[in-house]
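I opened the model to look up what lines its cavity space and how its aromatic rings pair. My entries follow in the order in which I checked things.

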Amino acid sequence: MPRPAELADRLADLDARYRRRRRPRVDSPQGPHIVVDGRTYLTFASNDYLGLASDARLIDALADGARRFGAGSGSSHLLTGHLAAHDRFERHFADFVGREAALLFSSGYQANTGVVGALVGRGDTVFSDRLAHASLIDGCRLSGAEHVRFRHNDLDGLESRLAAHPGGARLIAVDAVYSMDGDLAPLADLLALAERYDAWLYVDDAHGFGVLGDGGRGSLAAAGLDSPNLVQLATFGKAAGLAGAAVAGTATVIDWLVNSARTAIFTTACPPSLAHALTVMLDVVGQADERRADLEARIVQLREGAAARGLALLPSRTAIQPFPCGDDAAALAAAARLRERGIWVPAIRPPTVPVGSARLRVSLSAAHSAADVEALLDGLS
Ligand SMILES: Cc1ncc(COP(=O)(O)O)c(C=O)c1O
């Protein structure tokens with residue numbers, strides 16, 4: 001890590017290696033078009049898969065929630081910050097995803113860093129997929145358990161590692177939809193392994209909730225899975241158009257998390273207006289079949305259009321459609337050329353993805369029109 005005097009050089013070094021990151025300032029609400037530095041771009045950069053981030057029903061619910069429950073929750077959940085709005089959302093969310101109980105977190109990052117450490121610790125083992133999200137990896141590291149990684153979606157590799165670590169509690173940590181590749185985890189097989197080895201299966205469904213399964217109930221509902229060993233996460237900053245996250249499982253697991261997930265305990269409860277809007281969101285998402293059909297149509301259009309133009313795409317069936325570029329400079333140059341044409345697609349580089357696999361990550365939304373996707377295909381060609 002750099003000392004104070006070394007910081008500027010380290011930043012310059014990041015620049016030289018095409019790794020320096022900057023935050024574009026967006027001067028418009030989220031939607032298919034955003035304004036950056038006074039210019040309007042057609043964007044494929046957000047995870048607003050259903051186009052709900054600027055939805056009037058959710059905006060009204062936030063305002064209504066603030067009027068009814070106040071602006072802030074005032075303290076942590078275990079003191080007096082667990083207001084009726086939080087409680088109601090947790091019950092509705094558990095019903096929505098068909099589990100016994102749920103626990104609300106302020107973000108998916110907090111959920112992942114809190115839940116893993118509440119279920120495994122020193123003397124235990126956590127097994128994570130090599131492409132699991134950074135927040136899940138941080139949760140594994142923070143837990144103090146031995147951290148074993150297995151090749152992406154490699155069930156045999158996972159099983160041999162489970163067999164080689166018989167002592168203590170075991171937890172398998174995976175994404176349901178991989179955030180930079182868009183492919184799916186073999187959830188039924190993973191759950192069968194977890195049950196066979198008496199392990200927890202923790203599934204991060206950040207990119208499946210709202211989009212997959214009947215009524216957008218997520219990847220586990222789509223796969224028809226339920227088990228006492230299964231703990232699942234949904235995040236609400238993506239398809240749900242809001243913010244926050246919730247973990248669902250058996251009532252006993254949730255009670256355990258209330259008592260031991262440090263990122264739920266030592267933090268102020270999220271604003272009650274958010275919890276209220278999240279309850280409204282469950283209705284909105286549940287009734288969004290038309291938006292899910294629109295999104296599916298855009299996915300098919302992009303994949304067929306890319307194939308017709310000979311553009312290489314990773315094999316994803318979800319709203320996340322990555323175009324591999326190889327090295328970091330090539331990915332940055334491709335993103336810059338698209339921006340010149342008024343199209344915003346992020347270049348994803350290491351450490352977010354493995355070295356040598358930089359890519360343009362296209363993220364589609366139900367709010368995109370067929371003409372938007374056509375414009376993207378023209379730009380990519
Ligand atoms: C797979 C995955 N898990 C967790 C998170 C973190 O969720 P949040 O943005 O709510 O912190 C993200 C992205 O933000 C993600 O892509």
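I sorted the lining of the largest cavity by class and got five nonpolar, seven polar and one charged residues, where Ala, Val, Leu, Ile, Met, Phe, Trp, Tyr, Cys and Pro count as nonpolar, Asp, Glu, Lys and Arg as charged, and the others, Gly among them, as polar. Of the 13 lining residues, Gly31, Pro32, Ser46, Ser365 and His368 lie nearest the centre of this cavity (a cavity is a set of points on a 1 Å grid over the protein atoms alone where a 1.4 Å probe fits but cannot get out, and lining residues have an atom within 4 Å of a point).

I note that this is a predicted model, in which local features need pLDDT of at least 70 and side-chain atom pairs pLDDT 80 or more, while totals for chains, interfaces and linings use all residues. Residues are numbered from 1 along each chain as its sequence is written, and side-chain values use heavy atoms, without hydrogens and water.

I then counted seven aromatic pairs (rings of Phe, Tyr and Trp, the last by its six-membered ring, with centres within 6.5 Å; planes under 30 degrees apart are stacked, over 60 edge-to-face and the rest tilted). The Phe93 and Phe209 rings have centres 5.9 Å apart and planes at 55°, so I logged the pair as tilted. Phe209 is buried at a relative accessible area of 1% (buried is under 20%, exposed over 50%, partly exposed in between, with a 1.4 Å probe and protein chains only). Phe209 and Phe236 have ring centres 5.4 Å apart and planes at 75°, so that pair is edge-to-face. Ring pairs link Phe89, Phe93, Phe96, Phe209 and Phe236 into a cluster.

Terms used
1 Å grid on protein atoms, 1.4 Å probe; cavity = no way out; pocket = protein on both sides within 12 Å on 5 of 7 lines; lining within 4 Å.
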